[in-house]
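Please keep the sequence and the structure in view while reading.

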Amino acid sequence: MTLKGSQRGNARELSKHLMNARDNEHLELHDLRGFMSEDDLHEALAEAEAISKGTRCKQHLFSLSLNPPKGVHVDTQTFETAIEMAEQKLGLDGQPRAVVFTKKKVGVMPMPFGVASIPVP
């Protein structure tokens with residue numbers, strides 16, 4: 001599985017990108033936790049951005065895409081395990097997170113997720 005991560009800001013653009021139904025054949029907000037809003041990605045990431053305003057942090061989110069090899073089916077449990085391992089390795093376990101499953105119309109099943117990288121009290 002290929003993992004591609006980046007630190008970023010602009011929560012509004014990230015939530016629009018992740019929830020873009022026009023470019024995705026399949027789109028599912030799989031997990032949203034650690035935010036006051038636990039059912040709306042746009043509100044949750046806006047909350048993370050609001051918290052970052054109290055700091056000098058410009059890139060308050062960490063985004064990670066998990067892409068299985070072409071033609072390989074990866075089940076949900078495998079993605080969840082990979083996410084948990086990545087969070088632990090990066091020191092982000094316990095942070096608020098959003099997991100979005102997408103399937104691009106060209107047939108790729110990337111699995112992006114984002115976590116707030118500023119510790120939330």
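The model discussed here is a predicted one.

## Overall organisation

The chain holds 3 helices and 5 strands. Read from the N terminus, these elements follow the order β-α-β-α-β-α-β-β. Of the 121 residues in the chain, 39% are buried.

Contacts across the sequence can also be described by separation. Among contacts with a separation of 6 or more, 69% are between residues 24 or more positions apart.

## The nonpolar cores

The largest nonpolar core consists of 12 residues: Ala11, Leu14, Leu18, Leu32, Phe35, Leu41, Ala44, Leu45, Ala48, Leu61, Ala98 and Val100. At least two residues of this core come from each of helix H1 (11-18), helix H2 (41-52) and strand E4 (97-104). The greatest contribution is that of H2, with 4 residues. Another core, of 11 residues, lies apart from the largest one and has Leu66, Ala82, Ala86 and Leu92 among its members. As a general background, nonpolar side chains in soluble globular proteins tend to be buried together.

Which residues of H1 are buried? They are Ala11, Leu14, Ser15 and Leu18. These residues lie on the same side of H1, because the arc they cover around the axis is only 95°.

## Strands E1 and E3

Strand E1 (residues 2-8) and E3 run antiparallel and are joined by 7 bridges. Within this pairing, Gln7 has Phe62 in E3 opposite to it. Strand E3 (residues 61-67) is mostly covered, with 5 of its 7 residues buried.

Leu64 is a residue of strand E3. Is Leu64 buried or exposed? Leu64 counts as buried because its relative accessibility is 4%, below the cut-off of 20%. The C-alpha atom of Leu64 is separated by 9.9 Å from that of Glu87, a residue 23 residues apart from Leu64 along the chain.

## Strands E2 and E4

E2 and E4 also pair in the antiparallel sense, over 8 bridges. In this pair, Leu27 is placed opposite Thr102 in E4. E4 is mostly covered, as 6 of its 8 residues are buried.

Asp31 belongs to strand E2 (residues 24-33). With a relative accessibility of 16%, Asp31 counts as buried. Which side chain makes a polar contact with the side chain of Asp31? The partner is the side chain of Arg97, at 2.9 Å. When residues up to four places away in sequence are not counted, Asp31 touches Arg97, Ala98 and Val99.

## Residues in the loops

Asn10 is located in the loop between E1 and H1. The phi angle of Asn10 is near 55°, which is a positive value in a residue other than glycine. In general, most residues other than glycine have a negative phi. Asn10 counts as partly exposed because its relative accessibility is 41%, a value between the cut-offs of 20% and 50%.

Met19 lies in the loop between H1 and E2. With a relative accessible area of 26%, Met19 is partly exposed. Leaving aside neighbours within four places in sequence, Met19 is in contact with Leu27, Leu29, Leu41, His42 and Val100.

Met36 is found in the loop between E2 and H2. Is Met36 buried or exposed? Met36 counts as exposed because its relative accessibility is 79%, over the cut-off of 50%. Met36 and Glu47 are 11 residues apart along the chain, and their C-alpha atoms are separated by 7.8 Å.

Key. Residues numbered from 1 in each chain as written. Predicted model: local features only at pLDDT ≥ 70, side-chain atom pairs only at ≥ 80, totals over all residues. Heavy atoms only, no water. Core = buried A, V, L, I, M, F, W, Y, C linked by side-chain atoms within 4.5 Å. Buried < 20%, exposed > 50% of the residue type's maximum accessible area, 1.4 Å probe, protein only. Polar contact = N/O pair within 3.5 Å; in protein donor to acceptor, adjacent residues only side chain to side chain. Contact = heavy atoms within 4.5 Å. Pairing = 2+ DSSP bridges. Arc of directions from axis to C-beta.
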